[in-house]
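This report describes the surroundings of a ligand and the packing of a helix pair. Please look at the sequence and the structure before reading on.

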Amino acid sequence: MTTVDTPERRQLRELTRSFVTREVLPHLSDWERAGELPRSLHETAAKVGLLGIGFPESVGGSGGDLLDSMVVTEEIIRSGGSSGLIAALFTHGIALPHIVAARDEALIERYVRPTLAGTMIGALAITEPDGGSDVAGIRTCAVRDGDHYVVNGAKTYITSGVRADFVTTAVCTDFPKSGSLSLLVIDKGTPGCTVGRRLEKLGWHCSDTAELSFVDVRVPVTNRVGPEDTGFLAIMQQFAAERLSLATQAYATAQRCVDLAVRWCRDRRTFGRPLVGRQVVRHRLAEMHSRTEAARAYVHEVAERVAAGQPVVTEVAIAKNVAVSACDFVVDAALQLHGGFGYLRDAEVERHYRDARLLGIGGGTTEIMNEIIAKGMGL
Ligand SMILES: Cc1cc2nc3c(=O)[nH]c(=O)nc-3n(C[C@H](O)[C@H](O)[C@H](O)COP(=O)(O)OP(=O)(O)OC[C@H]3O[C@@H](n4cnc5c(N)ncnc54)[C@H](O)[C@@H]3O)c2cc1C
């Protein structure tokens, strides 16, 4: 029994399963078509105690650690949810941790507590139209003017950016040079801060994605997260949790697709026999199962090390790539085993196939993970 499988976590699985069955599954197709989740879902998730998992009670969370958050992710996808749903409903998982780590009571009161109560939505804006992989090259600038910063620039591909009430935004604070980053919490209602575009996507349809524009946006200095010029380090420190969350979505999506494919191959008959009666099909399912199991075991091991406070930057990058690679293989194979039905909107594997493509791009691409791994190898 791993520590991901304790009595408390089994209860958490049950709670998640019943939330998904009751509150999500009857509506998910509508939300996929609408391109966003209703705000009421955040409040419902908060009321049952799911929204605050992984955040301490002292800031309005429900307690628990990274492994508990992974349990919730696993169970949402196992119950028929999706990585897009997780991205949209748990965007605070990337928008809030920097604020909590900075221990800024005023910001915690104003943004963290209401978000964990489901009454506010937050987003994290790092990526810019000129590039996302090169975080140090951020060009959105914040120039000090008395007790405010004046922010100018643009961000893109921002998850929940259309619905968000506030955006934890990475800005360059040593303009006209670049490289010294800070994080500012910017209220969406501030004059000059606008949603330029709602972006259409291959997958993650129930998760809204925005392009944001900042023109002479005045942000109080008190909305800075931590000391000036500590943004880069803060971003890097929180990447571990985001990457492991994406790795978890990857092996959980793979697991769900293995389950769907096994069920389909038992039922579907061709040439007078169920598909599962063919050795080539059984071997394909065995390969899908094996890659999923291996990915899950490795991600769990690394997550336990992260939760124990060990520095495992390289291992986190390996975990993300291994899980994404397993997921890519499995979603493709699962769709193929479903034949023509797999290509239809009615098929759940179709959604996973589209949603999964993001996992090797978001939170640092597969290539950037390989850069980190190569560095860890001393290359
Ligand atoms: C649906 C969606 C949701 C997202 N949500 C958010 C969000 O909430 N907040 C946010 O800030 N960002 C978000 N992103 C952005 C995401 O993090 C970036 O897309 C990602 O980091 C890659 O940046 P980029 O798109 O600018 O690609 P680029 O950095 O331009 O890279 C393009 C390609 O070149 C490769 N590449 C880049 N540098 C190197 C190198 N040195 N060596 C080899 N290959 C290289 C990359 O791997 C990639 O394949 C989201 C993206 C999507 C699609």
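## The ligand and its shell

The ligand is surrounded by 18 residues, of which the closest are T127, G132, S133, T365 and E367; a residue counts here if one of its heavy atoms lies within 4 Å of the molecule. The model is predicted: local features need pLDDT of at least 70 and side-chain atom pairs pLDDT 80 or more, whereas totals for chains, interfaces and linings use all residues. Residues are numbered from 1 along each chain as its sequence is written, and side-chain values use heavy atoms, with hydrogens and water left out.

The shell divides into 9 nonpolar, 7 polar and 2 charged residues. In this division Ala, Val, Leu, Ile, Met, Phe, Trp, Tyr, Cys and Pro are nonpolar, Asp, Glu, Lys and Arg are charged, and the others, Gly among them, are polar. At least two shell residues come from each of β1 (122–125), β3 (148–159) and α13 (366–376), and β3 gives the most, with 3. Helices (H or I, at least four residues) and strands (E, at least two) are DSSP runs, numbered from the N terminus.

The table lists polar contacts, pairs of N or O atoms within 3.5 Å.

| Side chain | Ligand atom | Distance |
|---|---|---|
| T127 | nitrogen | 2.7 Å |
| S133 | oxygen | 2.6 Å |
| T365 | oxygen | 2.6 Å |

Of the 980 Å² of accessible area that the ligand has on its own, the protein covers 65%; such areas come from the Shrake-Rupley method with a 1.4 Å probe.

Methods. Polar contact = N/O pair within 3.5 Å; in protein donor to acceptor, adjacent residues only side chain to side chain.
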